[in-house]
Amino acid sequence: MFFRRPRSWEIKESQVTPKASYVNRRQILAAAGIGVGAIASAPLLPKLASAQEVDPSASLYPVTNNGSFTAGEGRVLTPEDTATTYTNYYEFGSSKNIWRKAQDLPIRPWTVVLDGMVEQEQTLDIDALLAEAPLEERIYRHRCVEAWSMVVPWSGFPLSWLVNKAKPLSGAKYLRIETFEDSKVAVGQRQTWYPWPYVEGVTIDEAANDLAFMVTGIYGKPLPKQNGAPLRLALPWKYGFKSIKGIVRISFTDVRPVSFWEEINASEYGFWANVNPEIPHKRWSQATERDIGTDKRIPTQIYNGYGDQVADIYKNVTDRRLWS
Ligand code: MTE
């Protein structure tokens, strides 16, 4: 059965080797006669560069930085090259090194449906949405359940802005968010033991929190495909698997959605998935994390350090687990 299949998440913490993918890449580049000094330069990511050149939203970036959101004490921005080549996107395979495969995904035309318990269903064209949305840049810490982390400058707009646009009915309690499905280009979706499409969910209160951010860009440019273009979520107080990529539908509902990983293994990947260093994953500790930019192991903070902004959401939530 599909949920018995080992995933990259199902490894011991000691085996989580975040640098492996780009170390390998360096070895490949070295073997090809390309020096390490050249790695940071754009020509080494030709497919990425050309993908960005043709992205019709390119002229929107960079957007104004919102200085309220910073890397935090002792943290530094993860190099762009690392954050855009070490990615989790199971639609393109279970390795971190899927960025080349992700270039096959067509991201225009692209529409996002807002439906379910709303005044009126809407289908939004991504470029019309981008033209209207209050775009800004925010620097967020990004903590994966696999015990690695990054610091990323995302561009995008508050999820609450989109919720207001959707005009949910008063009975709507949750957002069920869905990724595209296209196994012709997304080779991972041919693995039928996974419950495609990727689905995530948040409560209306979580969606209303100012930290909940719809991402359309990164490092002052349009979002690369491997990071979830043209639209993904960033929920920095939760484990990264909640930050769903390649969004095509947001449905408002009064039924708590079952997310992709929860359906596969609910005892390890719960609905709430708020970062908590004191609750270990079944197979590794969550007390520390490896910052993959600096390769340093650092203590993990409750709510990934965003407790002041989000702890209130959960003050009346007593009957459910708040952690994965
Ligand atoms: N969204 C989709 N559709 N498919 C995925 O496999 N992986 C999740 C999340 N969003 C995933 C996804 C996981 S496990 C993490 S940690 C983050 O994306 C990784 O985001 P990044 O690759 O941009 O760092």
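Figure 1. Q286 counts as buried because its relative accessibility is 2%, where buried means under 20% relative accessible area (1.4 Å probe, protein chains only). The residue is placed in the loop between helix 8 (260-264) and strand 11 (288-291); helices (H or I, at least four residues) and strands (E, at least two) are DSSP runs, numbered from the N terminus. Leaving aside residues up to four places away in sequence, Q286 touches R143, V145, A147, Y239, N276, P277, I279, P280, H281 and T300, a contact being heavy atoms within 4.5 Å. The Q286 side chain reaches the backbone oxygen of V145 at 2.9 Å. Between the C-alpha atoms of Q286 and C144 the separation is 9.9 Å, although these residues are 142 residues apart along the chain. Residues are numbered from 1 along each chain as its sequence is written. This is a predicted model, in which local features need pLDDT of at least 70 and side-chain atom pairs count only at pLDDT 80 or more, while totals for chains, interfaces and linings use all residues; side-chain values use heavy atoms, without hydrogens and water.

**Figure 2. The aromatic pair of Y140 and Y306.** Rings of Phe, Tyr and Trp (its six-membered ring) pair if their centres lie within 6.5 Å; planes under 30 degrees apart count as stacked, over 60 as edge-to-face and the rest as tilted. By this rule the chain has 24 aromatic pairs. Y140 and Y306 form an edge-to-face pair, with 6.1 Å from centre to centre and 65° between the planes. Y140 belongs to strand 3 (residues 136-143) and Y306 to the loop between strand 12 (296-299) and helix 9 (307-310), so the pair ties together parts that are 166 residues apart in sequence. Both Y140 and Y306 are buried.

Figure 3. Distant parts of the chain are linked here, 64 residues apart: W196 lies in the loop between strand 5 (174-179) and strand 6 (199-203), and F260 lies in helix 8. W196 and F260 are both buried. Ring pairs join Y90, W193, Y194, W196, Y198, F241, F260, W261 and Y269 into a cluster.

**Figure 4. Charged side chains over aromatic rings.** A charge sits over a ring if NZ of Lys or CZ of Arg is within 6 Å of the ring centre and within 35 degrees of the ring normal. R141 lies over the face of Y306, 4.3 Å from the ring centre. The charged end of K242 sits over the F271 ring, at 4.3 Å from its centre.

Notes. Buried means under 20% relative accessible area, exposed over 50%, partly exposed in between (1.4 Å probe, protein chains only). A polar contact is a pair of N or O atoms within 3.5 Å; within protein, one must be able to donate a hydrogen and the other to accept it, and residues adjacent in sequence count only if both atoms are side-chain atoms.
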